[in-house]
Amino acid sequence: MRKSWDEYFMEITEMVATRSTCDRAFVGCVLVNDDNRIVSTGYNGSVSGNPHCIDVGHTMRDGHCIATIHAEMNALLYCAKEGISVKGCRAYVTHFPCLNCTKALIQAGITGIFYKEAYRIDEYALELIEKNGVTLRKI
């Protein structure tokens, strides 16, 4: 039986997560446009050219690894660097986005967030998603 688009993109997101270089959580993100074409992918890891957590350990502050750029941000930042619009795109993410990533996705024009793992769901993130009419679905 043929996979749905949601299943298809979530499986790709899980594959993208295998590239993560911060082993505290292997997270992947895939941004998809209205034509069901992948616009960008991202995984969590260090700033390009800097040592990776899996090689040198974590830089921890307040319970978070501050060396890591989140998968959603990496997907968005690639588009910003290359001049690719994400307005109207959907985000497929292995884990529910943190508050900062939720804000960035909304601000960038993402219209849907689809996630697999209900990881540290922030109440204000849920409020922002609802206020801004962003589709939210656990897959």
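User: In which helix is the place of Ala104?

Analyst: Ala104 sits in helix α4; helices are DSSP runs of H or I with at least four residues, strands are E runs with at least two, and both are numbered from the N terminus. A word on the background: this is a predicted model, in which local features need pLDDT of at least 70, side-chain atom pairs count only at pLDDT 80 or more, and totals for chains, interfaces and linings use all residues. Residues are numbered from 1 along each chain as its sequence is written, and side-chain values use heavy atoms, with hydrogens and water left out.

User: Which residues does Ala104 touch, not counting those up to four places away in sequence?

Analyst: Met73 and Leu76, where contact means heavy atoms within 4.5 Å. Ala104 and Met73 lie 31 residues apart in sequence, yet their C-alpha atoms are 7.5 Å apart in space.

User: What makes α3 roughly parallel to α4?

Analyst: Happy to check that one. The two helices pack at an angle of about 30°, with their axes 9 Å apart. Axes are lines fitted to C-alpha atoms over the stretch in contact, and angles run from 0 to 180 degrees between N-to-C directions. Angles under 35 degrees count as roughly parallel, over 145 as roughly antiparallel, 65 to 115 as roughly perpendicular and the rest as oblique, so α3 is roughly parallel to α4.

User: Which residues make the contact between α3 and α4?

Analyst: α3 brings Glu72, Met73 and Leu76, while α4 brings Cys101, Ala104, Leu105 and Ala108. By class, that is six nonpolar, no polar and one charged; Ala, Val, Leu, Ile, Met, Phe, Trp, Tyr, Cys and Pro count as nonpolar, Asp, Glu, Lys and Arg as charged, and the others, Gly among them, as polar.

User: What is the volume of the largest pocket?

Analyst: About 620 Å³. A pocket is an open set of points on a 1 Å grid over the protein atoms alone, where a 1.4 Å probe fits, with protein on both sides within 12 Å along at least five of seven lines; lining residues have an atom within 4 Å of a point. Of the 25 lining residues, His64, His70, Cys98, Tyr119 and Arg120 are the closest to the centre.

User: Which element gives the largest share of the lining of the second largest pocket?

Analyst: α3 again, with four residues. α3 also gives the largest share for the largest pocket, three residues.

Note on methods
Points joined across faces, edges and corners; volume = space filled by probe spheres on them.
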